[in-house]
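Please look over the sequence and the model below. A short briefing follows, grouped by topic.

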Amino acid sequence: MATTLGPRLRGDDEFVSAQAFGDADASFMARALALAERGMHTATPNPRVGCVIVADGSVIGEGWHEKAGGPHAEIVALRDAEAQRIDVRGATLYVTLEPCNHSGRTPPCTEALIAAGIGRVVAAMPDPNALAAGGVGRLRASGIRVDIGLLEDQSRALNPGFISRVMRGRPYVRMKVATTLDGRTATAEGSSRWITGESARDDGHAWRARACAILTGIGTVRADNPQLNVRALATPRQPLRIVIDRHAQTPHEARVLRGGALMITAGPRNDAWPAEVEHVALPDPQGRVDLHALMRELARRELNEIHVEGGARLNAALLDAGLVDEILAYVAPGILGDPARGLAQFDVAHSLDARVALAFESMDRIGDDLRIRARVLPREDR
């Protein structure tokens, strides 16, 4: 799915490619994108980036960015070629993000590419981070040909959270729901285990694993006592667990608190919570949790993607606040009917114009269920 966060390509001449891309260019960039995916669970808070170096139509070096503080994808690829005793002078380097031009946790990649004698750089997209941008200009000033914009949509789809955080000051929010065909998430009494099948539940864990944090509310904690961790697949890290609990009522023995969590309240901490549980109070003027302030706080903590697994009230509050970017819906082949519970507890919309508008991105069969991904349209686009 191509995220629409921010501009496509910058409007100045710096980001105009010298010529159209060929089939070979697309093939090598596709390989770079596949490499970037290897950092799916580890690169955060940095972007997922892959790189391929090509000479005479053959790959001579490749790499991806594994974790913050480690070498960027371009440096890994250069070292790969060096380990094979291959000269990269005059070679073409394909990278899924504009090479950085600043000193942060690591030196600027632009200087390494210039020193190595790379002849051409093909980048999928410009760097949305103003602190790291300027790589294209620096490389061209040194005489390196730079083309940009190849498979940009695919690169952006790998990094919606990073793009959102650096351009909008908040994470990318993906809301997961499991419903029957008529949009019901539980019976009237609250029973929801299990609406969808095991394959869909396992697939949901894969989406948990790519997120920086899993967000839920006190209602879900009370109803289901969830663990909110990744169990269906091996992962090098567990996402941070966040609970919105206005009155700090989460029981100290709740499973979500085991091993630590971030509790967001509108008032004081619950003294019964374990010591490893972190607490932040973010009240709004009405004494509720300020959801916009929460997103700013999560961006400050360098969290890129937030995976929401909440109940109807939290879902409605986030949607109403305009803070949901994507819906990940698992639809089971069944009907519960009224008065079973829906996925969002809104006031009744009196016109179609008042609905939350979506743009369907994909639909896939997962076991006996359907997985639908839908982008939430900004209000100005409805």
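Which residue in β2 is the bridge partner of valine 54? Valine 59 takes that place. Keep in mind that this is a predicted model.

**Confidence**
- Mean pLDDT for the chain is 90, and 90% of the residues reach 70 or more.
- Residues 1-13 stay under 50 in pLDDT, although the model has 42 contacts beyond four places in sequence for them.
- Where pLDDT is low, the predicted coordinates should not be read in detail.

- An open sheet of 5 strands runs in the order β2-β1-β3-β4-β5, with mixed pairing.
- Direction ignored, neighbouring strands here are turned by 15° against each other on average.
- Strand β1 (residues 50-55) pairs with β2 over 6 bridges, in the antiparallel sense.
- Helix α1 (residues 23-36) packs on the sheet and touches β1, β2, β3 (92-95) and β4 (120-123). Its direction makes about 145° with that of β1.
- Helix α2 (residues 73-83) also packs on this sheet, touching β1, β2 and β3. The angle between its direction and that of β2 is about 135°.

**Strand β13**
- 7 of the 7 residues of β13 (residues 326-332) are buried, so the strand is largely enclosed by the rest of the structure.
- Glu326, Leu328, Tyr330 and Ala332 point one way, while Ile327, Ala329 and Val331 point the other way.
- In a regular strand, side chains alternate between the two faces of the sheet.
- Strand β6 (residues 172-180) runs parallel to β13, joined by 7 bridges.
- Strand β16 (residues 369-376) pairs with β13 in the antiparallel sense over 6 bridges.
- Leucine 328 is the bridge partner of lysine 176 and stands opposite arginine 373 in β16.

Notes
Residues are numbered from 1 along each chain as its sequence is written. This is a predicted model: local features need pLDDT of at least 70, side-chain atom pairs count only at pLDDT 80 or more; totals for chains, interfaces and linings use all residues. Side-chain values use heavy atoms; hydrogens and water are left out. Buried means under 20% relative accessible area, exposed over 50%, partly exposed in between (1.4 Å probe, protein chains only). Helices (H or I, at least four residues) and strands (E, at least two) are DSSP runs, numbered from the N terminus. Two strands pair if DSSP finds at least two bridges between them. pLDDT is the predictor's confidence in each residue, from 0 to 100. Contact means heavy atoms within 4.5 Å. Axes are lines fitted to C-alpha atoms, for helices over the stretch in contact, and angles run from 0 to 180 degrees between N-to-C directions.
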